[in-house]
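Reader: I am new to reading protein models. Could we go through one together, step by step?

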Amino acid sequence: MKAITASYRWSVLSRFVAAAVGGYGVVTLLQLAFTALLPWDYYKSLLFSSQTGYLYYTGVIIWCFAARTANRAWLGLAVVALPLLLIDAWYLMHRSVA
Amino acid sequence: MKEGFRQSMSWLHTWIGLVAGWVLYFVYLTGTLGYVDKEIDYWMTPDRPHFAQPGTQREQLTVAQGRLQQVAPQAASWNIQMIGGREAPSLDIAWTDAPKPGAQANASQPGAARAITHHETLDPQTGQPIDYSARATGGGQVLYKMHYQLAYIPYDRAILIIMVLTLIMFAAMVTGIIVHKNIFKDFFTFRPRKGQRSWLDGHNLLSVTALPFHIVVTYSGFLFFTYQFMPSVPHLIYGQSRSAALQFYQGVYPYQQPQLPQAAHVSVPPPPLASVIDQVERSWGKNIATAVEVRNPGDANARVLVKPQETVSIAFPENMLVFGADGRLLEDFRPNDHAAADIDHVMKGLHKGLFANWFLRVLLIFMGIGGTAMVGTGLMLWANTRRTRLLAAKQPLHFGIWLVDRLNVSAVIGMPVAIAAYFWANRLLPAGMGTRAAWEVHAMYLTMAAMFVYPLFRRPERSRVEMLWLCAAAYGLLPVLNALTTSRHLGRSLPQGDWIMAGFDLAALGCGAIAAMCAVKVSRSQATVPLRRRPRTAAVELVAS
């Protein structure tokens, strides 16, 4: 058995936080982006995004533990989150108040 | 995690499976019992009368209408539940009093007296009410609800825990599929008596044979609490107030209802229900509807509402046939939902399995048990794999393996024993006890606590066999307990055709027999090596295979 180093343990913790918290954040951003982009009533977009949301969440979890390093896992999340953040921010500034 | 995609997925599968495994085992176990929740309700209220020959729906309705016309001709509504589907083991009627003329003016104000509803169970032959007092029990409902609301913790917190576990379960399934190269081959692979190899084969076999079932129940499980788990976007869009939440939910779930008129206050004879059920049978078929509601019976604007049973479609049907005071069909009501809501209904319908007939229900139960065993074998694999590896490398076993070995015995064997204790408490607690239903649950969790403590003080080789024998006795003796405490034992239920009562007893006997077989097998396989030196010899044997 190979020795388990402290840096390995930190890496696992980092990936875990990225998967759990990062995943939650990305899926929430994605939900809002769906509401912004889909031409449906709010509740339909919300239903759609929640019906499919756990597929994306699972995808994020897999990515976080498949990436070569923990930092790459975070980087991947940032690459996905950034455009979503832009879409969401644009939407929140321009939407007509319901 | 540097070894490549499949290895890192294998690592993830192993570890998330371990941390969530024991609770998921409980969720799978109690969730599976949800497929027979009403049958368990029935077994746990043996005081309810059983009717071997209830008569046709037409006869039952005629009898019920006769009684309702006699006791409540002026009621605001009648409800009749006929014997037929899973829903109704007896012919039950209920009526709601019409509001008093004076009370009507302020009925909308808070504090106005609420309408009182009366209930009766009728003898389907004579139409006379039957007086019986059913024992207080949580029944199958409390038991199956534990698979998402757990016990002793606030509901809101429980469902969040369950959502996280569901996510772990789903991720474990997806990673499990990724790890496997030969899903099809696993269908036909089982190599018994090969130690570690057999456990892995068994785990794979259980996983892949019912894979669609596992994926569907897990994924659809998300949809029940998705807004509680991720409330931010709905809050942002709709606001956090109660009215905003209402606006949102009404959009999502419109629950359309047919338009029904107010009472005309013109007396006419009540609607002929026998002719109504004839028409229902002509358009839907026999025994599709088991419940009939009458609004304003005896009024010119009376309406008879007939809904189909749950078994008719996967999405819970809100279809309805509406008949007038003269018994003529007025409307074939079919609510028109949007596609996203339809998907939601179908997913939740698949999860609940209310649509399943008895044959499909048996299949669902077997797949649920398979899922429970899938989690159980996975948990055992974790400890076995590590023990083998450490012993082969001549390294000492660490605390993790010690603990997981014991927790596995506690959970995998102890949780079924705890559920048996729930059934034992139902028969043994005094009938008049005020906190009876609560103590059934206490009995279950006190037993579970004992099951978790006991293996800490025994070698797993011993506690495993002892608890399997306890499990065999706990289930195998349930029919005996039933015979001693009620008059609904197998000697009576079988000749009377009381299939639900008999089915429960026979299933308990079956569970007891399986536990006994496991006990014999496990003690025999452990007896082949001396107990003291068992780990080391076992390891050599495992490595060799």
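This is a predicted model: local features need pLDDT of at least 70, side-chain atom pairs count only at pLDDT 80 or more; totals for chains, interfaces and linings use all residues.

Reader: What is the order of the strands in the open sheet of chain B?
Author: The sheet has seven strands, with antiparallel pairing. Strand E3 (117–122) and strand E7 (329–333) of chain B are the edges, each pairing on one side only. From one strand to the next, the twist averages 15 degrees. The order is E3-E2-E1-E4-E5-E6-E7.

Reader: How do strands of a sheet hold on to each other, and how many bridges join E2(B) to E3(B)?
Author: Strands of a sheet pair through backbone hydrogen bonds, either parallel or antiparallel. E1(B) and E2(B) run antiparallel, joined by five bridges. E2(B) and E3(B) also run antiparallel. The number of bridges joining E2(B) to E3(B) is six.

Reader: Which residue of E3(B) stands opposite Ile93(B)?
Author: Ile93(B) sits in E2(B), where it is the bridge partner of Ile80(B). On the E3(B) side, Ile93(B) stands opposite Glu120(B).

Reader: Which residues make up the uncovered face of E2(B)?
Author: In a regular strand the side chains alternate between the two faces of the sheet. In E2(B), the covered face holds Leu91(B), Ile93(B) and Trp95(B). The uncovered face holds Asp92(B), Ala94(B) and Thr96(B).

Reader: Which helix lies across E1, E2, E3 and E4 of chain B?
Author: Those strands include strand E1 (77–81), strand E2 (91–96) and strand E4 (291–295) of chain B. The helix spans residues 57–71 and runs at about 35 degrees to E2(B). It is helix H3 of chain B.

Reader: And which helix lies across E4, E5, E6 and E7 of chain B?
Author: Look at residues 273–284 of chain B. This helix runs at about 40 degrees to E5(B). It is helix H13 of chain B.

Reader: How many of the five residues of E5(B) are buried?
Author: A residue is buried if 20 or more other C-beta atoms lie within 10 Å of its own. E5(B) is mostly covered. The number of buried residues in E5(B) is four.

Reader: Which residue of E6(B) stands opposite Leu305(B)?
Author: Strand E5 (residues 303–307) and strand E6 (residues 320–323) of chain B pair in the antiparallel sense over three bridges. Val304(B) stands opposite Phe323(B) in E6(B). Leu305(B) stands opposite Val322(B).

Reader: Is Leu150(B) buried or partly exposed?
Author: Leu150(B) lies in the loop between helix H5 (139–149) and H6 of chain B. Its phi is positive, about 50 degrees, although it is not a glycine. Most residues other than glycine have a negative phi. Leu150(B) has 19 C-beta neighbours inside 10 Å, so it counts as partly exposed.

Reader: Is His265(B) buried or exposed?
Author: His265(B) is found in the loop between H12 and H13 of chain B. Its phi is positive too, at about 60 degrees, and it is not a glycine. There are 10 other C-beta atoms within 10 Å, so His265(B) is exposed.

Reader: How far apart do the C-alpha centres of domain 1 and domain 2 of chain B lie?
Author: The domain assignment puts 57–102, 118–131 and 255–336 in domain 1 of chain B. Domain 2 of chain B takes 398–545. Their C-alpha centres lie apart by 45 Å.

Reader: How many residues of chain B are in contact with chain A, and how many of them are nonpolar?
Author: On the chain A side, 25 residues take part, against 31 residues of chain B. Elements giving two or more residues on the chain B side include helix H1 (5–33), helix H6 (155–179) and helix H14 (339–352) of chain B. Six residues on that side are polar and three are charged, and the nonpolar ones number 22.

Reader: What share of the residues of chain B count as buried?
Author: Chain B has 22 helices and seven strands. Its C-alpha atoms fill a box of roughly 90 × 60 × 45 Å, taken along the principal axes. Of its 545 residues, the share that count as buried is 36%.

Key. Residues are numbered from 1 along each chain as its sequence is written. Chains are lettered from A and ligands numbered from 1 in the order in which they are written. Two residues are in contact if their C-beta atoms, placed from the backbone, lie within 7 Å. Ala, Val, Leu, Ile, Met, Phe, Trp, Tyr, Cys and Pro count as nonpolar, Asp, Glu, Lys and Arg as charged, and the others, Gly among them, as polar. Two strands pair if DSSP finds at least two bridges between them. Axes are lines fitted to C-alpha atoms, for helices over the stretch in contact, and angles run from 0 to 180 degrees between N-to-C directions. A residue is buried if 20 or more other C-beta atoms lie within 10 Å of its own, exposed if 12 or fewer, and partly exposed in between; C-beta atoms are placed from the backbone. Domain bounds come from an automatic or database domain assignment.
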